[in-house]
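Please keep the sequence and the 3D view at hand while reading.

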Amino acid sequence: MAQVAITLNVNGRNQTTLAEPREILADVLRDRLGLTGTHLGCEHGVCGACTVLLDGEMVRSCLLFAVQAQGAEITTIEGLEENGELHPMQKAFSEYHGLQCGFCTPGMILAGIDLLKRNPDPTAEEVRDDMGGNVCRCTGYQKIVESVLGAAREMNEVTS
Amino acid sequence: MTTTEWIGARAPRREDPALIRGRGRYVADINLPGTLHMAILRSPMGHASINSIDASEARTMDGVHMVITPDDIPDHITQFPVVWRLPGQKDSGIPALAEGKVRYVGEPVAAVVADSRYAAEDALDAIDVDYETLDPVTDPEAALEEGAPVINEDWGDNVAIHHVFAGYNALGECHYDAEAFDNAEVTVRGRLKIGRHSGIPLETRGIVADWDEIHGRLTVHSESQVAHLFRTELAASLGLPETAVRVLTPNMGGGFGNKWDRYPEDLLVSIASMELGRPVKWIADRREGLMSTVHGRAQVQEWEMALQSDGTILGLRGKVINDLGAHLHSVGIGPAWVTGAAAPNQYKIANYYCNVIAAATNKTPASTFRGFGGPEGIFGAERMMDKAAKRLGMDPAEIRRKNMIQPDQFPWFNAAGAVYDSGNFPACLEKALEAADYDRVRAEQKELREQGVYRGIGISSYIHVSGFGPSPILGYLSYYTGGYEGSTVKVDPNGKATVYTGMIPMGQGTETTLAQVAAHHLGIDMADVRVVWGDTDQTPYTGFGSAGSRSNVAAVAVIRAVEEIKAKAVRIGAGMLEADAEDLEYADGMVSVKGAEEMRSVSLAQVAQQAYWAHALPEGDQPFLEATYVYDPPNFTTASGCHVVVLDVDTNTGRITFRNYVIVDDCGPVINPLLVEGQIHGGVAQALGGALLEEFVYDDEGQLLTTSFMDYLLPSFTDVPDMEIHHVVTPSPHTDGGFKGMGEAGTFPPGAAVANAVTDALSHLGVEADELPITPSRLWSLIQEATR
């Protein structure tokens, strides 16, 4: 199948790659750009493991063709660390044991960041309601909720 | 706390820094130069014979390198064997491709290797298979009937095994006495069902095989939970010497037992790579993952309990029908056997009988899944306890108290032959009741019911026979592998340690745990211990790997290897300090003269340097400071505990809302509380999935109807309640450190606890929640029937 050139701004860098029009964004990120932190858990938009931020919005990279993201700014898990400093959400997941196998973790962290952008000081119940689109098979969720609440406290302290 | 008290510390996980950055490396992330991609053509039918396969068009398509049909498989390739072969169990293996007929939807029929996964899938459409439909059988009880379609012709019928437990223990105290049931003041019967579900790791299965023609070596990047046994079996099936196979296991995105087994795709990628001389990669998509990765748990149980009118149990007997699926997989009927062994649970039951029958059905094979038959046995036992209590008008807590094995009765030989090493069952029950404020909730329950709020309280106690296992016992059970765990510990010339383990981390924090144990016993900083895993070329052989909650077994291997190193350090230190070895002691990473007024000591690093210089080693000692210990446990370790659930049932919708979830867990001393909590939370969540949501549904034709996460429902954030965890600690008397297995225990009690709570909530209607999962529609139907 013929390939087309796709230009994406991924984690602040413009990158151009050839890909088939039918290739999903996740496959292009992983296999053509080498960003394997975005994981594929279901490839039909239910599990949330492939979550990335596209122009600041949370999307499932398994449900988008890469060509649909032409010219967009994309943030993946690899783009969260700034100047060697982890995002507070990343730190909180480790501190509160919000991950075990780590497969859902990139999507969870991005979903948590997206939640706090909209609701900087959520309750535990709000975290559970909001993040219901991301599935974890290891943790039973409780420590993910604690992680997100912990990150919120940390981020609110810094900004206040 | 000194810096070396690592056991018991909430040490942060060393797995995390890579994983939170998206820098883990899972099999799907491995892209070797020249990699080709495999896709599998799977059976769309539950039961059909294959008349012909025409792949001629697919072979000529752009980008296609190879098509594998049964005719393309070299003659010397053999099926993977069943590892657990109980006497009387039918014989079968795991073929690379369906041979002449398909037996379940999803069974591999052919494979395509192409430049990309996309191209490989395109070519699958061009393969023409001529099927002739055969009558399917999907219900395990129907499969046992005379005249049922036979799935495996060489078996003659669909019975994989009849295995009878008839009241046996090593002390000769147990028996099966049918008359006791006839003469009992009270007998209670129950017919229970557990739905088909499975571990469903978020990372699907996948494998990369890389054949090196020049050196004659096959390197396999796999998610096997038991890489060494996989190496043994893969080499044998491919006709290679075992030295020709290396298995690398990178990060695993969850295993839950499902990745313990061997699979057809393991053979197919290897065959393709050896034929094509290039790396071949296969990653399951979710649909094929759901239809081709082993299922589990599905059982129909019929129990009868005999009691005195005061609640004393006189006997338990029953039948367990295991819905096996199309053929035996790696562990045979093992999980169903464990169900029979676990059902006596925490109670003084001497009169016991259980007939375990495994029935072949036109469904995906059922095999290894976290808990391995134990949760099914506990479900049976604990539902029967509640049924008995209800019949006798007793409180469910009281009937448990009355029959529990007491703390001074260990070791306890249960009536199915299992030996419980330790525990304090009443303490777990009482602590759980207290934490749940049982008496108050019971009192409130009555008032709430008058207000139309149907609150139920469910108790489930459990035992988990963990830490598999003594190898001679495995031999006695015809389980053809070893149950030991080995560890090599090397202290380098600078005094830092490396631990080599055959355990495969699946996400449970094995690397952190073993580093804690090694650092604690060496008396050094945890940061000075590295753990090497995931490479059969480097790590000690293990025949069991990460299954059966065995970090405790691996921990003992580490402790004993460290003890040998410390003894050698003292011998070397004696020369350095010009003292007798018996006057020296090893503590906090130093060899010191005992009781010396002035500190006379040498550090581990100084000793290590001498060990590598080897200028003046004690007589009989070789250079280096390293040791290997292979620990074969003398017995299993018995973890135990009690869960208490409080929930409300909406009788209009059948929906359940959790109000409280209390856990008391006894896994012996805890190595890392953070990780133990995580394991318990995750185990409970997984079991709540099976109790409330998850089920593989087949129609009568054997068609799998749940092939996406829209149909097969995994528990989400809002389905799993907050849990409160407490511990009772009874150390195992026979393992160093007293640790017991704990990675599976969370899966044991939730099914019964929830079913008991739902039944309790609806006691005014007489609804009995005897079938899992208790989906809203299933429960609503029960409520409708009861109120009609």
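Domain bounds, as used here, come from an automatic or database domain assignment. The model is predicted: local features need pLDDT of at least 70 and side-chain atom pairs count only at pLDDT 80 or more, while totals for chains, interfaces and linings use all residues. Residues are numbered from 1 along each chain as its sequence is written, and chains are lettered from A and ligands numbered from 1 in the order in which they are written.

In chain A the assignment gives domain 1 (4-79) and domain 2 (88-159). Their centres, taken over C-alpha atoms, are separated by 22 Å. The contact between them takes 13 residues from domain 1 of chain A and 11 residues from domain 2 of chain A; two residues are in contact if their C-beta atoms, placed from the backbone, lie within 7 Å. On the domain 1 side, strand β3 (residues 51-54) of chain A supplies the largest share, 3 residues.

Chain A has 5 helices and 5 strands, where helices (H or I, at least four residues) and strands (E, at least two) are DSSP runs numbered from the N terminus. Along the sequence they follow the pattern β-β-α-β-β-β-α-α-α-α. The radius of gyration of chain A, taken over C-alpha atoms, is 16 Å, close to the 15 Å that the globule rule gives for 160 residues, so chain A is as compact as a globular protein of that length. That rule is 2.2 Å times the number of residues to the power 0.38.

Chain A also meets chain B: 41 residues of chain A are in contact with 42 residues of chain B. On the chain A side, the elements that give two or more residues are α2 (88-95), α3 (105-118), α4 (124-130) and α5 (142-159).

Within chain B, an open sheet of 3 strands has the order β6-β2-β8, with antiparallel pairing; strands pair if DSSP finds at least two bridges between them. Its edge strands are β6 (101-102) and β8 (128-133) of chain B, each pairing on one side only. Strand β2 (residues 48-54) of chain B is joined to β6(B) by 2 bridges, and A48(B) stands opposite V102(B).

Finally, V558(B) touches S487(B), V489(B), V499(B), L514(B), V517(B) and A518(B), leaving aside residues up to four places away in sequence.
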